[in-house]
Amino acid sequence: MRRSTRRKINVILAEIALILITMVASMPLFLAVSISFQTPKEVFSYPPKLFPKSLYLHNYASAFDLVPLARLILNSTIMAVAITLGKLVTGLLSGYAYANFEFKGKNISFATLFATLFLPAETVMIVPLFLIMRKFGWVNTYWALTVPFMASATNTFLFRQHFKSIPKELEDAARIDGATPMQFLIKILLPLSKSMIGGAAIINFVYAWNMYLWPLIVTMEDNMKTVQIGVKMLIDAEAVNNWGVIMAGTIVVLIPTVVMFLVLQNMFVKSLVRSGMKG
Amino acid sequence: MNVFHDDIISVLNLKNFYRGGFFVKKVLVVLMVALAVLSMAKIKIQFWHAMGGWRIDLIKSMAEEFMKLHPDIEVDVQYTGSYHDTLNKLIAAVKAGNPPHIVQIYDIGTQVMIDGGIAVPIQDLIDKDKSFDLGKFMPQVLNYYRVNGKLYSMPFNSSNPILYYNKTLFKKAGLDPNKPPRTFEELLEYAKKLTVKDANGNTIQYGITWPLHSWFFEQFMAVQNAPLVNNNNGRTGRPTKAVFDNEAGRRFFRLWYELTKNGWMINTKKEDWDEANQYFISQKAAMLITSTSDVAYIAKLAKQHGFELGTAFLPRPKNAKSGGVVIGGASLWIIGGHPQKEIQAAWEFVKFLTTTKMQIEWHTKTGYFPVRKDAVETLMNEGYYAKHPNMLTALLQLLLSVQNYNTNGAVIGAFPEVRQIIEDAVEKMLNGEMSPEDALAWAQKEATKAIQEYNEVYAY
Amino acid sequence: MSRKIIPYILLIPTFLIIIIFIYWPAVYSFKLSFYRISPFGNRMIFVGIRNFKNLFHDPDYITALKITAIYVSVSVALTIFASFFIALLLNMKVPGTPVYKALLFIPYAISPAISGTLWSFLLNPVVGHVNYFMSKFFGLRVEWLTTKPYALYAIIIASVWKVMPFDIIFYLAGVQNVPDDLLEASTLDGASTWTRIWKIIFPLLSPITFYLVIMNIISFMFSSFAIVDVMTRGGPGNYTTTMIYKLYLDAFAFQKTGIASAESVILFIIMTIVTIAYFYFGERRVHYQ
């Protein structure tokens, strides 16, 4: 009796706390949507408005007008898809090597890879990496935006761990049936890893889509920039900060990852947590 | 087609060949057409600029006009971000071996560009081009970009700061809208009167704002006829130390400090021009000091927001020596390493951008100065300035400026870093971390360090 | 193909990229850090360890180190505790939890640059809502982005908001693995909810906490760049200039390639220490479990 009342009170308190926390945490996004539909007059009115009077779509048109948003979206898509695919392929192959094979130099090479786990080259070593791009003549190209990020220790670990969790007997059976190691990977392991691959894909995509510093310095021309830089361009675009337009651009930029994230939330959460567990 | 085919056959037939000039003539015609087609192959040049926002379209349209006049040249116009970004990108492109032909570099990048040794000095092109008359250009503008007697780049967009004020709010505060403040002392007094607080004691209207940018410090030093660095502001030799920790510098730092401490001025974050404009346009600040380059835009917005706009010269300390303003903005550099034909095409485009017609268009649509005298004369004769008095303010301010090393502007290799240091000092002062005197002394020490660090590589 | 060769082939793509784009730059930055290089790279002089000496005698760099330490530790602490608490609430499975979860997780998908933009607007003194509510309820107005210490608060708020969902997701997964009877038993013992949380659940989740602390340190050290760039540009003064922002300024605004490389090396060393710590302590903790 006492226990159940206490539990009830706890539930009510938790409900209230969650409502408050969610409201505060959603405020920035909610207001961004609201502002993106407000006329300049409404944006500048005091006290600030929570809701737009009507759906003023002009801000969205202006955002596309002020910066080549469509092109930036294309660039970001190319970059994010290429990095995602690259990371998946390299991660699957190397994860498979570490999980299912014994070979000379396994430990040393693994340590070499492990050492890069917390070394985001695009920030820590941005100067030399940039100079290398210059050497390659890759500055202001898709190569510079994609190739350096097509492998990561995280992806290797994720798939290594996943493959380790798949019973060894399966591989033995396949071998007896005459399957080559590559056939085993493609025909058996991959189908068993669908949700893992899906989750990793979202993590990689979000990471790539949201990159900022690297595209900022390595792209030169407007038509090579990415959406994140587009947001900064919008802020700098006019002699007066037109927040309605900036927010409209911001919404356009964040929609792809947010929608993808909401739709595939469960798959993603599982993979993300897996990526953090050690094997 | 058939005729041509027959002609080839007839070449083999010597008899036919000797028979008459008809065929020879035809070959000549064909050759000439081929040559014409070949020479019609467009010369492609790249132009990088840093004029963001609505100016992107303006520059594009200017390039299109050029291409109409020169159908053999194709100009690829790229907006490459802020001045910082553009210089950065140029350096990267030079290293990668694919620099643009023309690039717009900000005033303070001049020494870095010269040290880089990658540009074709404009002077060399002018000397070869008899059709070009530098005498038509404004000496104030040329004086800035001429270093050691040589003009390295072509002045393009030049501006200086002026005082914008809200006449409507002046009237509300009981001030004469036709008497803007002329001295620092008056500025303080006006700012105080124009500051409005609500019942809670919160400020709802500030007296003045300007972007937190070192440029204003530089300008107010010139206004007081004081240099920033030694060796005559770096114009008679590479500067070795900063020299702005003096009475002129202190006067301006103190002004800024007083205005802020008393709550009469609202400050922006570092180099945020838009924010300052926004305070002024939304009538959160009654006065604004900013570049003339926004005159046209601010005038338009003022009208939209229903207030009357006034402009005036920068105020001066009462007893200070009178100097003038420094030409700010940027110039056009032609980068070497391209085929001569392309360099020539780039030169044509640069010349085109500084023609009277283009300069009038640029000036009237933005607020940047025309870099040519005859552009001003033409506009005067057309009565343009009578209709647009705000455009005249900046021009007069420039024309009335004394011309000497101090107002020609400093030449410093490490200028970008010196700017950052001055801005840091201002922010430290405004946040009460340092007194105006200490902040200025600190900035001078740090700036000297940066200058010497820069020079080190060139000492050998 | 023999099973002996295959693993090497499988590793080629990964190692090509790691070596060219991580190891080579690392070695390269060591080399460059011993030079002074002119902006256009046409002059280069060897200066030994002078770049490092100068950095550690440069009050600006020391400030950047301090600010980074304060910003990172405060943000990590806030994120960890807030996320742990929110994960516990979400684990109670009160009505509406899926909705709260979805909304609370969203910032994970949003970039630091956008987080900075959103909060720049909210904290804008003229049009922002935060100041309006603050002045309405507390009679307080603050220039968030341009004054001390609020500029630091502002970037901490934007950073924590962005990183929190990551931690919540992990804690939630962790709490779900805590056996129910353990929770129930302690309740029957009469242990208060509070003690139960801090004495039993939090220690149980310490491996997760450890992992999150490391991941958060990395997020705040590096991704913070976009937030600082959009919100404060390192100001007022150099008050919010973190190490990575300083590195960016020196490298790409002031063109001091040599000094920037020295800063790279310092960051590299710090991250190596973090990696070793993670490996060493992380392994030990797992064994204890």
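**Where the parts meet**

A: Start inside chain B: across the interface of its domain 1 and domain 2, the rule finds two salt bridges. Keep in mind that this is a predicted model.

Q: Which residue meets D294(B) in a salt bridge?
A: R55(B) does. The side chains come to 3.0 Å, N to O.

Q: Which elements give two or more residues to the domain 1 side?
A: In chain B they are α6 (110-116), α8 (139-145), α17 (356-366) and α20 (389-399). By class, that side of domain 1 has seven nonpolar, nine polar and five charged residues.

Q: Back up a step. Where do the domains of chain B run?
A: Domain 1 covers 43-158 + 328-391. Domain 2 covers 161-324 + 412-456. Their centres, taken over C-alpha atoms, are 28 Å apart.

Q: How many residues of each are in contact?
A: 21 from domain 1 of chain B and 20 from domain 2 of chain B.

Q: What area is buried between them?
A: About 1700 Å². Carbon and sulfur atoms give 47% of that. On the domain 1 side, I108(B), Q111(B) and N390(B) supply 35% of the area buried against domain 2, more than any other three residues.

Q: New topic: chain B against chain A. What area is buried there?
A: About 1800 Å², with 52% from carbon and sulfur atoms. The contact takes 24 residues from chain B and 19 residues from chain A.

Q: Which residues in chain B lose the most area to chain A?
A: K89(B), D274(B) and Q278(B). Together they make up 29% of what the chain B side buries.

Q: OK, now chain C and chain A. How many residues does the contact take from each?
A: 95 residues from chain C and 100 residues from chain A.

Q: And the buried area there, what is it?
A: About 8800 Å². Carbon and sulfur atoms give 78% of it. In chain C, R3(C), L10(C) and F21(C) lose the most area to chain A, together 9% of what that side buries.

Q: How many salt bridges between chain C and chain A?
A: One. K232(A) forms a salt bridge with D229(C). The closest N and O atoms are 2.9 Å apart.

Q: Which helix gives the most to the chain C side?
A: Helix α1 (residues 6-32) of chain C, with 20 residues. By class, the chain C side that touches chain A has 73 nonpolar, 16 polar and six charged residues.

Q: Last one: how many residue pairs are in polar contact between chain C and chain A?
A: The count is 14, with both residues at pLDDT 80 or more.

Note on methods
Residues are numbered from 1 along each chain as its sequence is written. Chains are lettered from A and ligands numbered from 1 in the order in which they are written. This is a predicted model: local features need pLDDT of at least 70, side-chain atom pairs count only at pLDDT 80 or more; totals for chains, interfaces and linings use all residues. Side-chain values use heavy atoms; hydrogens and water are left out. Domain bounds come from an automatic or database domain assignment. Contact means heavy atoms within 4.5 Å. Buried area is the accessible area (1.4 Å probe) that two parts lose on being put together, summed over both. A salt bridge is a side-chain nitrogen of Lys or Arg within 4 Å of a carboxyl oxygen of Asp or Glu. Helices (H or I, at least four residues) and strands (E, at least two) are DSSP runs, numbered from the N terminus. Ala, Val, Leu, Ile, Met, Phe, Trp, Tyr, Cys and Pro count as nonpolar, Asp, Glu, Lys and Arg as charged, and the others, Gly among them, as polar. A polar contact is a pair of N or O atoms within 3.5 Å; within protein, one must be able to donate a hydrogen and the other to accept it, and residues adjacent in sequence count only if both atoms are side-chain atoms.
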